[in-house]
Amino acid sequence: MNLLERISILMATVLTLLQCQLSQAGQAKPLIKVVAGYGSTDGAIAPLWFAKETRLFEKRGLDVLLVGMGTGAVSLRALIAKDLEIASLSGSGLVQAALQGADTVILSAALNGFVFKVFGAPELTSPAQLKGKKLGVSRYGATSDFAIRLALKKWGLNPERDVSILQIGTTQDTVRAMQTKMIDAGVLSGTASLVARKAGFRELGDLAELGLHYPMAPIGTTKSFLLKNEAVVKEFMLAYIEAIHDFKRNKETALAVLKKYSRNDDREILEDSYNNYANKYLPLPIATADGIKTILAELGSTMPAAKNADPEQFVANKIAREIEASGFIKKLYEK
């Protein structure tokens, strides 16, 4: 075989390989579109933003449209109306909706327990002094509202009679309402807590000290969507779980994500939010039975159906457990 023949064969081989690669590229599966929402701009839900910004959803074959809804209550209504397919919202809201007949279900919970703090005007020195005062939460029925009612009872106050609880909006809105003296105190978390402290407001209580299990920053969907799209939900959860791991390990990227979604460029505030959450995110983010029992116990006073409800009916941990059993999470944290 002469040199010319060898070159011809080589060129033919290269052409065949290129054609195969182009064919495979043309046959690549299109990304599956998923409409997902989030209610808060608080750092508790940062792994969701992180998964979007670092293209972890795309890595899993998903084209996730991530929509900011303002509050968890708005996200819940959109989820029930099928305008959202998956959403980060209030655990208590998801359970209450299910008790009222909606097919909502909790897929995951990034944190277990409350991460809120109550800040008040400088002249207030104890939670007892909230009596007769106006206190802001995001929305009625939201996690901030649910948590503060439990806390007020522990502090010896009646949330229905002793304190005027007002729905304000985001935690940033709550801080602004405190600054304009529209309200005397507010339930805050994440970046808003340090903003309030730097503005001279006094911390009156840390709701983490209630010591209660609670599914914080949960991801929810509907049973009907899950039934038809279990494979999609699994890929979503794989991306979300990887985002929790990567958020913990990549501080600068995490800070950039927090800056974008919280719309705050104060490095001190961003670092405070990061440090507050990074070590608290659960590697296996699932809602515990005790967390659901916390919700049912509180709802039981106004919703008889909550008293004898089975906590397991409000969660769908099957996918997260399968991911755990596969060794995926273990491998992530061994790197």
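The model is predicted, so local features need pLDDT of at least 70, side-chain atom pairs count only at pLDDT 80 or more, and totals for chains, interfaces and linings use all residues. Residues are numbered from 1 along each chain as its sequence is written, and side-chain values use heavy atoms, with hydrogens and water left out.

**The sheet**

Five strands form an open sheet in the order 2-1-3-10-4, with mixed pairing. Strands (E, at least two residues) and helices (H or I, at least four) are DSSP runs, numbered from the N terminus. Two strands pair if DSSP finds at least two bridges between them. Strand 2 (62-68) and strand 4 (104-112) are the edges, each pairing on one side only. On average, neighbouring strands of this sheet are turned by 20° against each other, direction ignored.

Inside the sheet, strand 3 (residues 86-88) and strand 10 (residues 215-222) run antiparallel and are joined by three bridges. Ser-88 has Ile-219 of strand 10 as its bridge partner. Strands of a sheet pair through backbone hydrogen bonds, either parallel or antiparallel.

Helix 5 (residues 91-99) lies across strand 4 and strand 10. Its direction is about 160° to strand 4. Axes are lines fitted to C-alpha atoms, for helices over the stretch in contact, and angles run from 0 to 180 degrees between N-to-C directions.

**Asp-145**

Asp-145 sits in helix 6 (residues 143-154). Asp-145 is buried, at 5% relative accessible area. Buried means under 20%, exposed over 50%, and partly exposed in between (1.4 Å probe, protein chains only). Which residues does Asp-145 contact, leaving aside its neighbours within four places in sequence? They are Val-137, Arg-139, Tyr-140 and Ile-165, where contact means heavy atoms within 4.5 Å. The Asp-145 side chain also reaches the backbone nitrogen of Gly-141 at 2.8 Å.

**Salt bridges**

The whole structure holds 21 salt bridges. The criterion is a side-chain nitrogen of Lys or Arg within 4 Å of a carboxyl oxygen of Asp or Glu. Side chains of opposite charge can pair when their charged atoms come close. The table lists three of these pairs.

| Pair | N to O distance |
|---|---|
| Glu-53 and Lys-260 | 3.1 Å |
| Lys-59 and Glu-242 | 2.8 Å |
| Lys-318 and Glu-322 | 3.0 Å |

Glu-53 and Lys-260 form a salt bridge at 3.1 Å. Glu-53 lies in helix 2 (residues 46-53) and Lys-260 in helix 11 (residues 251-262), so the pair ties together parts 207 residues apart in sequence. Glu-53 is partly exposed, at 32% relative accessible area.

Lys-59 and Glu-242 also form a salt bridge. This pair links distant parts of the chain, 183 residues apart: Lys-59 is in helix 3 (residues 56-59) and Glu-242 in helix 10 (residues 230-249). Glu-242 is buried, at 7%.

Lys-318 and Glu-322 both belong to helix 14 (residues 318-325). They are four residues apart, about one turn of the helix. Lys-318 is partly exposed at 48% relative accessibility, and Glu-322 is partly exposed at 30%. A network of salt bridges links Glu-230, Lys-234, Lys-318 and Glu-322.

Conventions:
Polar contact = N/O pair within 3.5 Å; in protein donor to acceptor, adjacent residues only side chain to side chain.
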